[in-house]
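Morning, everyone. I have one structure to show you today, and I'll keep it short. Please have a look at it first.

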Amino acid sequence: MPPGMALSEADIQGDLDRRRPGTSRHVTQRNEPDAVQILSGVYEGKTTGTPIALLIQNTDQRSKDYGQIAQQFRPGHADFTYWKKYGIRDPRGGGRSSARLTAPMVAAGAVAKKWLAEKYGMVFRGCMTQIGEIAIPFESWDHVPNNPFFAPSPT
């Protein structure tokens, strides 16, 4: 990140809150706060041009929750895909599609998103437009943050 950009935990936390577990009945019920801390690369609220180190504590790990994974792939996860691609599988819950990897990706993306908005005026938005065979008609971006599926429709 270039030096001089204003950056705080609050710039990152909103995106982490959106992907945070335990926020609806449709996602894992582990209650991870995913609170980000900036450890380096920012001084007095501005980026320094050196690497930015972020810390997101894993506060609600439950190894027992992963007991059946060795015998069965989890729906909605990339366990099977990674097993087919890499030929090896770690059933302990910290694999390549683990929240412990997706949380830092989201945090890094939030930093990049802020820089791109400031430098080029870019805006990033996303929403669910289909679930299986069910198409979700686009009504308004205003609906996206107001439902657990991030759909552009209130229904």
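This is a predicted model: local features need pLDDT of at least 70, side-chain atom pairs count only at pLDDT 80 or more; totals for chains, interfaces and linings use all residues.

Salt bridges, then. How many are there? The count comes to 5 salt bridges. I'll pick out some of them.

Start with Lys114 and Asp11. Their side chains meet in a salt bridge, at 3.0 Å from N to O. Where do the two partners sit? Lys114 is in helix 3, residues 99-120, and Asp11 is in helix 1, residues 9-19. So this pair ties together parts that are 103 residues apart in sequence.

Is Lys114 buried or exposed? Lys114 has a relative accessible area of 18%. The cut-off for buried is under 20%, so Lys114 counts as buried. Asp11 is partly exposed, at 32%.

Stay with Lys114. Glu118 also forms a salt bridge with Lys114, and here the closest N and O atoms are 3.8 Å apart. Glu118 and Lys114 are 4 residues apart in helix 3, so about one helical turn separates them.

Asp11, Lys114 and Glu118 are linked in a network of salt bridges.

Next, Asp34 and Arg19. Their side chains meet in a salt bridge too, at 2.3 Å from N to O. Asp34 lies in the loop between helix 1 and strand 1, the strand being 36-40, while Arg19 lies in helix 1. So the pair ties together parts that are 15 residues apart in sequence.

Now look at how accessible these two are. Asp34 is at 0% relative accessibility, so Asp34 counts as buried. Arg19 is at 21%. Buried means under 20%, so Arg19 counts as partly exposed.

On to the backbone. Glu44 is not a glycine, yet its phi is positive, about 50°. With 66% relative accessibility, Glu44 counts as exposed.

The other one is Phe150. What is its phi? Near 55°, again a positive value in a residue other than glycine. You'll find Phe150 in the segment after strand 6, which is 134-135. Phe150 has 29% relative accessibility and counts as partly exposed.

To recap: Lys114 sits in a salt-bridge network with Asp11 and Glu118. Asp34 pairs with Arg19.

Definitions and conventions
Residues are numbered from 1 along each chain as its sequence is written. Side-chain values use heavy atoms; hydrogens and water are left out. Buried means under 20% relative accessible area, exposed over 50%, partly exposed in between (1.4 Å probe, protein chains only). Helices (H or I, at least four residues) and strands (E, at least two) are DSSP runs, numbered from the N terminus. A salt bridge is a side-chain nitrogen of Lys or Arg within 4 Å of a carboxyl oxygen of Asp or Glu.
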